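Notebook open, structure loaded. I wanted to look up how the parts of this protein meet, then go through a few side chains one by one.

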Amino acid sequence: MSRLAIRRALIGVYDKTGLGGLATALVEAGVEIVSTGGTARRLQELGIEVTPVEAVTGFPETLDGRVKTLHPAVHAGILADRRRSEHVAALADLGIAAFDLVVVNLYPFRETVASGVSSEECVEQIDIGGPAMLRAAAKNHASVAVVVDPGRYGEVLTAVTAGGFALAERQALAADAFRHTASYDIAVASWMGNVLAPDASGFPNWAAGSWERQAVLRYGENPHQSAALYRHRRPGLAHADQLHGKDMSYNNYVDCDAALRAAFDHADPCVAIIKHANPCGIALGADVAEAHRKAHACDPASAFGGVIAVNREVDLALAQQVAEIFTEVVVAPGFSDQALTVLSEKKNVRLLRMPPADAPAPMETRAISGGLLMQTVDRLDAPGDDPATWTLACGPAAGEMVMADLVFAWRAVRAVKSNAILLADDRATVGIGMGQVNRVDSARLAVSRAGERSAGSVAASDAFFPFADGLTELASAGVRAVVAPGGSVRDAEVIQAAAAAGITMYLTRTRHFLH
C-alpha cells in the first residue's frame with residue numbers, strides 16, 4: 001500500500017483559503033466529498049457537490065455545533081487500517097465507507113484570545129471534533145492522508161492525478177498534523193493555566209511551547225557544532241526579513257539579539273555596536289548617523305566585524321558611514337531605498353528588517369541541565385529605573401547635561417554582561433568594562449578603554465560596589481558622577497570615597513545583572 005488512490009475525502013476547515021479550488025478539482029477527479037457545518041454550506045454556495053456529514057452519521061448537528069463529527073460512521077471510516085482484513089470486514093458489516101483523505105484545520109483559538117473576548121467565548125473556540133479527526137487520520141496514515149495547511153492543497157491535486165500519496169508523503173503529512181494539534185493543545189492548556197486558572201505564584205504549574213524550524217544554519221557557535229533556527233509565533237528577530245547578504249550564522253543571531261536589547265531601550269535615535277554579545281559602543285544622537293559616529297568612536301578596533309542595531313530607519317547618511325567599515329549585520333526597523341542601494345553593494349553585510357513590535361513577552365526562560373529557569377523579563381520598568389526615584393547619596397545635584405548622561409548610562413549598562421561598568425559622555429559610551437568576575441576589574445577595563453575620555457565622564461554600575469576600590473578607580477580617572485544600585489554592607493565606605501573625590505553619586509536601589 002505505497003500509493004493509495006483518493007476516492008473519498010472528509011473536509012472540515014475554519015480557514016477556507018483555497019477551499020473552492022481544492023473541492024472543484026477533487027469532484028472533477030471523481031472524489032466524493034463529505035463535509036461539515038460551515039464548510040459544507042460554503043461548498044453548496046459554490047455549486048460544488050458535497051455530502052453533508054449528517055447524511056453519513058444519520059444524526060443532526062447539535063449543541064450549537066459542538067457535536068458534528070464525533071460519530072463511529074466518521075471515525076471508523078478514518079481509523080480503519082485497510083491493511084488488516086478484519087478492519088475491512090468490520091467496515092463492510094457496519095456499512096461504513098472508508099475515507100482516503102482528511103482535510104481539516106482548527107478554530108483560531110490564539111487569535112480569539114488575542115482579540116480580548118470573554119473567557120466564555122474563548123472556551124467556545126476550543127475545537128474538539130477537528131483535533132479528533134486530525135489525530136485519527138494521522139495515526140492511521142498507513143491508510144489515510146491528512147492535510148492541515150491550505151498551502152499544501154496543490155500537493156493534494158498532484159497526488160490525486162498520481163494515484164494518491166505515497167507512504168513517505170503520508171507519513172510527513174501525519175507528522176504535520178500532530179505538530180498542528182500539539183501546538184493547538186499547548187495554546188489551550190497555556191491559556192487555561194495562565195488566564196482561566198492561574199497559579200497564585202504568577203508562574204504556571206506546567207510550561208510548554210512550540211517552534212517551527214525556519215532554517216538549518218551552516219554551523220553553530222563553533223564549526224564542529226550543528227545548528228538550526230526555530231521560530232516562535234511571537235514576532236521578533238527570528239521573523240526578521242533578510243534584505244541582503246549571506247545567510248545568517250548562529251553567532252550573528254546571538255549578537256543581533258544583544259544589539260536589539262542595547263539599541264531599543266532608548267527613545268531617541270540610537271545605534272548599538274555589538275561584538276560577542278557585548279557592546280563596543282552605544283550612543284544617542286540628533287539622528288542615526290550622528291549616533292553611529294559616536295557609538296563607533298567608543299571602541300573602533302572592536303567595532304570591526306561587529307553587528308549594528310538601529311532603532312530607526314537606516315538613512316543614506318548612516319549607510320554611507322557603515323559602508324566604510326567591515327560590518328557583519330545591520331538590523332533595523334527599515335532601510336530607505338538609498339540606504340539599501342548603498343549597503344547592497346557590500347556583498348558580505350547582512351541587512352535585517354525587524355518586524356513590527358508585538359506585545360513584549362512577559363517571561364523568559366533559560367535551559368539548564370535537566371530543566372529550565374523561568375523569570376519575568378528584565379526591562380527598564382523597575383521603580384529605580386525612574387530618575388525621579390534616585391537618591392542623591394553625595395555631592396552636588398547633577399545639572400541637566402550631567403543628569404542626561406547618567407540616565408543614558410543607566411539605561412545602557414543594562415545591555416552589558418555583568419560585572420558591568422559603563423562610562424559615558426554626551427549620551428554616548430566612551431569606555432565599557434564587561435564580563436569581569438570582580439567589579440574593580442570592570443572599572444579598570446572601562447577606564448583603560450576610555451583613556452583620556454574618562455575625565456569628565458559619568459559612570460553607571462549594573463550592581464552595587466562591594467568595596468570602595470572600584471569607585472576609587474573611577475575617581476582617579478576623573479569620573480565626575482556615578483549611578484549605581486547601592487545596597488552593599490559597605491555602602492557607607494563607597495559613598496565616603498565618592499564624597500572625598502568630589503563625585504556626585506546617585507543610588508537607584510535597582511540592579512540589572514546580565515549573565
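Predicted model: local features only at pLDDT ≥ 70, side-chain atom pairs only at ≥ 80, totals over all residues.

**Polar contacts between domains 2 and 3**

Between domain 2 and domain 3 I get eleven residue pairs in polar contact, both partners at pLDDT 80 or more. On the domain 2 side, the elements that put two or more residues against domain 3 are helix H11 (250–263), strand S10 (278–284) and helix H12 (288–298). S10 gives the most, with seven residues. Sorted by class, that side of domain 2 has nine nonpolar, four polar and five charged residues.

I then checked the bounds: domain 1 is 8–196, domain 2 is 240–353 and domain 3 is 384–507. The C-alpha centres of domains 2 and 3 are 27 Å apart. I find 18 residues of domain 2 in contact with 17 residues of domain 3. The area buried between the two domains comes to about 1600 Å², and carbon and sulfur atoms give 46% of this. Which three residues supply more than any others of the area that domain 2 buries against domain 3? They are Asp-265, Ile-282 and Cys-298, with 32%.

I also looked for salt bridges across this boundary and got four between domain 2 and domain 3. Separately, I noted that Asp-265 pairs with Arg-414 through their side chains, 2.7 Å from N to O.

**Helix H12**

Next I followed H12. Eight of its eleven residues are buried, so I put it down as mostly covered. My list of the buried ones is Val-288, Ala-289, Ala-291, His-292, Lys-294, Ala-295, His-296 and Cys-298. They pack against several elements, among them strand S9 (270–275), S10, helix H14 (316–322) and strand S18 (429–433). At the start of the helix, a side-chain oxygen of Asp-287 comes within 3.2 Å of the backbone nitrogen of Ala-289.

A lysine on that list made me look again. Is Lys-294 buried or exposed? Lys-294 is buried, because its relative accessibility is 16% and the cut-off is under 20%. Leaving out residues up to four places away in sequence, Lys-294 touches Ala-283, Leu-284, Gly-285, Asp-426, Arg-427, Ala-428 and Thr-429.

**Asn-311**

I moved on to the loop between S11 and H14, where Asn-311 is found. This residue counts as buried too, at 10% relative accessibility. What does the side chain of Asn-311 reach? One of its polar atoms lies 3.0 Å from the backbone oxygen of His-266, and I also find a polar side-chain atom 2.9 Å from the backbone oxygen of Asp-268. Beyond four places in sequence, the contacts of Asn-311 include Ala-263, Phe-264, Cys-270 and Pro-333.

**Met-374**

Met-374 lies in strand S15 (residues 371–376). I have it as partly exposed, with a relative accessible area of 29%. Met-363 is eleven residues away from Met-374 in sequence, and their C-alpha atoms are 6.7 Å apart. Met-363 is also among the contacts of Met-374, along with Phe-203, Pro-204, Ala-207, Glu-364 and Thr-365, leaving aside neighbours within four places.

**Salt bridges elsewhere**

Then I went through the salt bridges in the whole structure, 21 in total. Side chains of opposite charge can pair when their charged atoms come close.

Asp-81 and Arg-83 form one, at 2.9 Å from N to O. Asp-81 is buried, at 10% relative accessible area, whereas Arg-83 is exposed, at 56%.

Asp-176 and Arg-152 form another, with their closest N and O atoms 2.1 Å apart. This pair links distant parts of the chain, 24 residues apart: Asp-176 sits in helix H10 (residues 167–196), and Arg-152 in the loop between strand S5 (145–147) and helix H9 (153–162).

Last one: Glu-328 with Arg-350, closest N and O atoms 2.7 Å apart. Glu-328 is in strand S12 (residues 327–332) and Arg-350 in strand S13 (residues 350–353), so the pair ties together parts 22 residues apart in sequence. Glu-328 is partly exposed, at 23% relative accessibility, while Arg-350 is buried, at 5%.

Technical notes
Residues numbered from 1 in each chain as written. Heavy atoms only, no water. Domains from an automatic or database assignment. Contact = heavy atoms within 4.5 Å. Buried area = accessible area lost by both parts, 1.4 Å probe. Polar contact = N/O pair within 3.5 Å; in protein donor to acceptor, adjacent residues only side chain to side chain. Helix = DSSP H or I, 4+ residues; strand = E, 2+ residues; numbered from the N terminus. Nonpolar A, V, L, I, M, F, W, Y, C, P; charged D, E, K, R; others polar. Buried < 20%, exposed > 50% of the residue type's maximum accessible area, 1.4 Å probe, protein only.
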